[in-house]
Amino acid sequence: MKPILGHDADDKPLREGDTVTMDASRAASDAPSLGIVAGLASHNNPDDAVQSLRMTDGSVVYDVHCRRTDATSSH
């Protein structure tokens with residue numbers, strides 16, 4: 001099982017390879033509406049309450065601005 005990188009808006013764990021949708025009301029306007037978690041962003045601070053995730057398209061989003069889609073969960 002892959003390590004947990006953060007938790008989504010519903011407090012579900014997020015791991016590398018998980019497909020997520022973005023909460024349009026909270027995510028940056030240039031964030032994609034759908035993405036795949038690639039890992040943690042290079043500037044992420046694991047001690048912060050909110051984790052910065054790097055997506056496969058190169059964008060960076062906060063974990064709490066995502067919602068994991070259960071169909072593609074990497075658990």
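**Entry 1**

I began with D10, which is partly exposed at a relative accessible area of 42%. I took buried as under 20% relative accessible area, exposed as over 50% and partly exposed as in between, with a 1.4 Å probe and protein chains only. The model is predicted: local features need pLDDT of at least 70, side-chain atom pairs count only at pLDDT 80 or more, and totals for chains, interfaces and linings use all residues. Residues are numbered from 1 along each chain as its sequence is written, and side-chain values use heavy atoms, with hydrogens and water left out.

Which residue forms a salt bridge with D10? I found R67, with the closest N and O atoms 2.5 Å apart. The term requires a side-chain nitrogen of Lys or Arg within 4 Å of a carboxyl oxygen of Asp or Glu. The pair links distant parts of the chain, 57 residues apart: D10 is in the loop between β1 (4–7) and β2 (13–15), and R67 is in strand β7 (residues 66–68). Strands are DSSP runs of E, at least two residues long, numbered from the N terminus. R67 is also partly exposed, at 32%. By this rule I count one salt bridge. Side chains of opposite charge can pair when their charged atoms come close.

**Entry 2: D11**

I next looked up D11, which lies in the loop between β1 and β2. D11 is not a glycine, yet its phi is positive, at about 65 degrees. Its relative accessibility of 58% makes D11 exposed.

**Entry 3: the largest nonpolar core**

I listed nine residues in the largest nonpolar core: L5, L14, V20, M22, V37, L53, M55, V61 and C66. Strands β3 (19–22) and β5 (52–55) are the elements that give two or more residues to this core. Such a core is a set of buried Ala, Val, Leu, Ile, Met, Phe, Trp, Tyr and Cys residues joined through side-chain atoms within 4.5 Å. In soluble globular proteins, nonpolar side chains tend to be buried together.

**Entry 4: A38**

I located A38 in strand β4 (residues 34–40). A38 is buried, at 16% relative accessibility. Leaving out residues up to four places away in sequence, I find that A38 touches E16, R54, M55 and T56 (contact means heavy atoms within 4.5 Å). The C-alpha atoms of A38 and G17 are separated by 6.1 Å, with the two residues 21 apart along the chain.

**Entry 5: S59**

Is S59 buried or exposed? S59 is buried, with a relative accessible area of 18%, and is found in the loop between β5 and β6 (60–62).

Conventions
Helices (H or I, at least four residues) and strands (E, at least two) are DSSP runs, numbered from the N terminus.
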